[in-house]
Amino acid sequence: MTEQTSKSKDPLHGLTLEAIVTALVDYFGWEELGQRIEIRSFVIDPSVASSLKFLRKTPWARAKVESLYLFMLREKSRGQTRSLPG
């Protein structure tokens, strides 16, 4: 078995969309998430369930969510702390 088949280098490999959305909400919160990716399910009565329903049908929005998740991972790996505005 080669290393390529035994372990994927893709940080999204094996993650569910639900796990990605939940991690983003935990990290950014709904308000900031809705500012970074302007979709109704993040802004108006946000929930993981409504977000998943929309993201599964909307490839461009899912791509933005996955990209933001990768950004979050990079930010965390650099040890950057979240600063609150104000």
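Thr 58 is buried in this predicted model, because its relative accessible area of 10% falls under the limit of 20% that is used for that class. The residue sits in the loop between helix H4, which covers residues 48–57, and helix H5. A polar atom of the Thr 58 side chain lies 2.8 Å from the backbone oxygen of Phe 54, and Phe 54 is itself a residue of H4 that takes part in the contact with H5.

**The chain as a whole**

The protein chain holds five helices and zero strands, and read from the N terminus its elements follow the order α-α-α-α-α. Of the 86 residues in the chain, 29% are buried. When contacts between residues at least 6 apart in sequence are considered, 58% of them join residues that are at least 24 apart.

**How the helices pack**

Two packed helices are described by the angle between their axes and the distance between the axes. For H4 and H5, the angle is about 115° and the axes are 5 Å apart. On the H4 side the contact involves Phe 54, Leu 55 and Lys 57, while on the H5 side it involves Pro 59, Trp 60, Ala 61, Arg 62 and Val 65. Sorted by class, the residues of this contact of H4 with H5 are six nonpolar, no polar and two charged.

Helix H2 (residues 17–36) also packs with H5 (residues 59–77), here at an angle of about 90° and with the axes 10 Å apart. Because an angle from 65 to 115 degrees counts as roughly perpendicular, H2 is placed in that class relative to H5. From H2, the residues that make the contact are Leu 17, Ile 20, Val 21, Ala 23, Leu 24, Tyr 27, Phe 28, Leu 33 and Arg 36. From H5, they are Arg 62, Val 65, Glu 66, Leu 68, Tyr 69, Phe 71, Met 72, Glu 75 and Lys 76. This contact of H2 with H5 is made up of 13 nonpolar, no polar and five charged residues.

**Aromatic pairs**

A pair of aromatic rings is described by the distance of the centres and the angle of the planes. The model has three aromatic pairs by the rule applied here, and two of them are set out in the table.

| Pair | Distance between centres | Angle between planes | Arrangement |
|---|---|---|---|
| Tyr 27 and Phe 28 | 4.9 Å | 90° | edge-to-face |
| Phe 54 and Trp 60 | 6.4 Å | 80° | edge-to-face |

The pair of Tyr 27 and Phe 28 is called edge-to-face because its planes stand at 90°, and an angle over 60 degrees is what this name requires. Tyr 27 is buried, with a relative accessible area of 15%, and Phe 28 is buried as well, with a value of 7%. In the pair of Phe 54 and Trp 60, Phe 54 is partly exposed at 28% relative accessible area, and Trp 60 also counts as partly exposed, at 49%.

**Ser 51 in helix H4**

Ser 51 belongs to helix H4 and counts as buried, since its relative accessibility is 0%. The side chain of Ser 51 reaches the backbone oxygen of Ser 47 at a distance of 2.8 Å. If residues up to four places away in sequence are not counted, Ser 51 touches Val 21, Trp 30, Ser 41 and Phe 42.

**The loop between H3 and H4**

Asp 45 lies in the loop between helix H3, residues 40–43, and H4, and Pro 46 lies in this loop too. Asp 45 has a phi angle near 50°, which is a positive value in a residue other than glycine. Asp 45 is exposed, because its relative accessible area of 67% is over the limit of 50%, whereas Pro 46 counts as partly exposed at 29% relative accessibility.

Leaving aside neighbours within four places in sequence, Pro 46 is in contact with Trp 30 and Ser 41, and both of these residues are also among those that Ser 51 touches. The C-alpha atoms of Pro 46 and Gly 34 are separated by 8.9 Å, although the two residues are 12 residues apart along the chain.

Terms used: Residues are numbered from 1 along each chain as its sequence is written. This is a predicted model: local features need pLDDT of at least 70, side-chain atom pairs count only at pLDDT 80 or more; totals for chains, interfaces and linings use all residues. Side-chain values use heavy atoms; hydrogens and water are left out. Axes are lines fitted to C-alpha atoms, for helices over the stretch in contact, and angles run from 0 to 180 degrees between N-to-C directions. Helices (H or I, at least four residues) and strands (E, at least two) are DSSP runs, numbered from the N terminus. Angles under 35 degrees count as roughly parallel, over 145 as roughly antiparallel, 65 to 115 as roughly perpendicular and the rest as oblique. Contact means heavy atoms within 4.5 Å. Ala, Val, Leu, Ile, Met, Phe, Trp, Tyr, Cys and Pro count as nonpolar, Asp, Glu, Lys and Arg as charged, and the others, Gly among them, as polar. Rings of Phe, Tyr and Trp (its six-membered ring) pair if their centres lie within 6.5 Å; planes under 30 degrees apart count as stacked, over 60 as edge-to-face and the rest as tilted. Buried means under 20% relative accessible area, exposed over 50%, partly exposed in between (1.4 Å probe, protein chains only). A polar contact is a pair of N or O atoms within 3.5 Å; within protein, one must be able to donate a hydrogen and the other to accept it, and residues adjacent in sequence count only if both atoms are side-chain atoms.
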